[in-house]
Amino acid sequence: MKDLGFTIEALYAVEEPDAPALAATFRVGKRVLARTAVGPRPVAGRLDLTGLAPGDHELVLEFRLGEDPEGAPLLRRLSRFSILADPAATLARLDAALAAEGVDAAPVRRESLREIRTTLTRIAEGERLETDLPAAALAARAESWAAMKTPRDEDLLPAAGGEFHLVLRAGETRVPVRVLVPARKDGKPAPLVVALHGMGGSENMFFEGYGAGMAPRLAAERGWIFVAPRLSAFGGFDLGAMIDDLARLAPIDPDRVYLVGHSMGAARALGAATQDPARWAAAAFLGGGLATRRAEALKGLPILVAAGERDFAKPGARALFASLEAVPGHAARYLETPDTEHMTVVRAALPDVFALFESAKRKPAPGQPEGKEG
């Protein structure tokens, strides 16, 4: 690929102000790919990619008032594009690896390869995905998995850690997830945060949205594992079984497994917490939930219920907290974030969520020895 097309369009029909000319600059690092005046919309053009190496590139788009290309930008936006040396050859190698495997050989590897192959095919065919995925990194990782001489799921995640797209098992269900794993220097188990997205989202929401990936950043700062599974509006899966499958691949501290959900994800998180309260060290329900008749099951579990001041789900969140608060010995707290609505409540509440997680550790069942701090 020698160039990449772009179009600048107006989101709203507004009267153009009498102001200095607006200009747009596209660059990768210090290299300018294109500059254009932003006159009557739409404005179309091409980005010169000649000489850029294969890989994932961060594209910076800057808008400025006036003609000074070095002046302070009025607005800056970041996106990503990928250059693959030979996509067809990559797909062929993945196909060969999938065809060579037995039915029961390394199931996470096999299903993850199949999912990545589907994603790369959609990108190669020009489909617009919901987010800018690192296609070159995905392809390289899939090829390294495909090249394993003796495939083992336990060898998928290197000790150096990183971000991975996997398909985990939850009983008979296969669950696509996006997971961040810290570097494992001593093999010591790490705390785990399980994050459940809202309706209409996917496993990418916590990584790309909700404060531009604030939750995995907070987990990374602490050296914690962070996993976001893809939820369906029409059916669930055994979240505990999914965690057990992940525990085969990365060392998880069973005493520090935390749960956070937003909107529909908050309702799913509430269900998972009440069904298996002993699994969790703490839970946070953001912008969602309703009063629960199973509040007694959550007695003593550190819980944060949060809603935005202008959140349409605030009545449900308040009802959930009231049902938890009615149980003697509860450990729930309600947070209402000012000047926030249903989506922005996540970003606003996350510092409180992680403060709760840092202070909480799962209590062992009667007669069970307490585990070591992770």
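**Backbone, helices, cores and salt bridges**

Analyst: P42 sits in the loop that runs between β3 (31–37) and β4 (43–48). The model is predicted.

User: Is the peptide bond from R41 to P42 cis or trans?
Analyst: Most peptide bonds are trans. The bond from R41 to P42 has an omega near 0°. This bond is cis.

User: Where does Y210 lie, and what is its phi?
Analyst: Most residues other than glycine have a negative phi. Y210 is not a glycine, yet its phi is positive. Y210 lies in helix α5 (residues 210–222), and its phi is about 45°.

User: Does Y210 count as buried or exposed?
Analyst: Buried means under 20% relative accessible area. Y210 has a relative accessibility of 7%, so it counts as buried.

User: Which loop holds S263, and what is its phi?
Analyst: S263 counts as buried because its relative accessibility is 19%. The residue lies in the loop between β11 (252–262) and α7 (264–275). S263 is not a glycine, but its phi is positive, at about 55°.

User: How far apart are the end C-alpha atoms of helix α3, and what span should its 12 residues have?
Analyst: Helix α3 covers residues 135–146. At 1.5 Å a residue, its 12 residues should span 16 Å. The end C-alpha atoms agree with that, being apart by 16 Å.

User: Which elements do the buried residues of α3 pack against?
Analyst: The buried residues of α3 are A135, A136, L138, A139, A142, W145 and A146. Their packing partners are β5 (55–65), β6, α1 (87–100), α2 (107–124) and β7 (162–170).

User: Which residues does T119 touch, leaving out those up to four places away in sequence?
Analyst: T119 is part of helix α2. Its relative accessibility is 12%, so T119 counts as buried. The residues that T119 touches are L129, L133 and L138.

User: How many residues does the largest nonpolar core have?
Analyst: Nonpolar side chains tend to be buried together in soluble globular proteins. In the largest nonpolar core, the residues with the most contacts inside it are L166, L192, V194, M242, L259, W280 and F285. The number of residues in this core is 63.

User: Which residues is L166 in contact with, leaving aside neighbours within four places in sequence?
Analyst: L166 is among the residues with the most contacts inside the largest core. Its contacts are S112, W145, L156, L157, V175, P176, V177, V179 and L249.

User: How many residues are in the second core?
Analyst: The second core is separate, and it includes L286, L335, L350 and F354. Its residue count is 31.

User: Which residues make the nonpolar surface patch of about 280 Å²?
Analyst: One of its members is L75, in strand β6 (residues 75–83). L75 counts as partly exposed because its relative accessibility is 34%. The patch is made by L65, L74 and L75.

User: How many salt bridges are there?
Analyst: The rule asks for a side-chain nitrogen of Lys or Arg within 4 Å of a carboxyl oxygen of Asp or Glu. By this rule the total is 26.

User: What is the closest N and O distance between E62 and R27, and how many residues separate the pair?
Analyst: The closest N and O atoms of this salt bridge are 3.0 Å apart. E62 lies in strand β5 and R27 in strand β2 (residues 22–28), so that the bridge links distant parts of the chain, 35 residues apart.

User: Which side of this pair is buried and which is partly exposed?
Analyst: R27 has a relative accessibility of 21% and counts as partly exposed. At 3%, E62 counts as buried.

User: Where do R114 and E111 lie, and what is their closest N and O distance?
Analyst: Both residues lie in helix α2, three residues apart, which is about one turn of the helix. R114 is partly exposed at 37% relative accessible area, while E111 is buried at 18%. In their salt bridge, the closest N and O atoms are apart by 3.2 Å.

User: What is the N to O distance between E127 and R122?
Analyst: E127 is partly exposed, with 39% relative accessible area, and R122 is partly exposed, with 33%. Their side chains meet in a salt bridge with an N to O distance of 2.9 Å.

Terms used. Residues numbered from 1 in each chain as written. Predicted model: local features only at pLDDT ≥ 70, side-chain atom pairs only at ≥ 80, totals over all residues. Heavy atoms only, no water. Patch = residues over 30% accessible without salt bridge, like charges linked within 9 Å, V, L, I, M, F, W, Y side chains within 5 Å. Areas by Shrake-Rupley, 256 points an atom, 1.4 Å probe, with all protein chains shown as cover. Helix = DSSP H or I, 4+ residues; strand = E, 2+ residues; numbered from the N terminus. Buried < 20%, exposed > 50% of the residue type's maximum accessible area, 1.4 Å probe, protein only. Expected span 1.5 Å × (residues − 1). Contact = heavy atoms within 4.5 Å. Core = buried A, V, L, I, M, F, W, Y, C linked by side-chain atoms within 4.5 Å.
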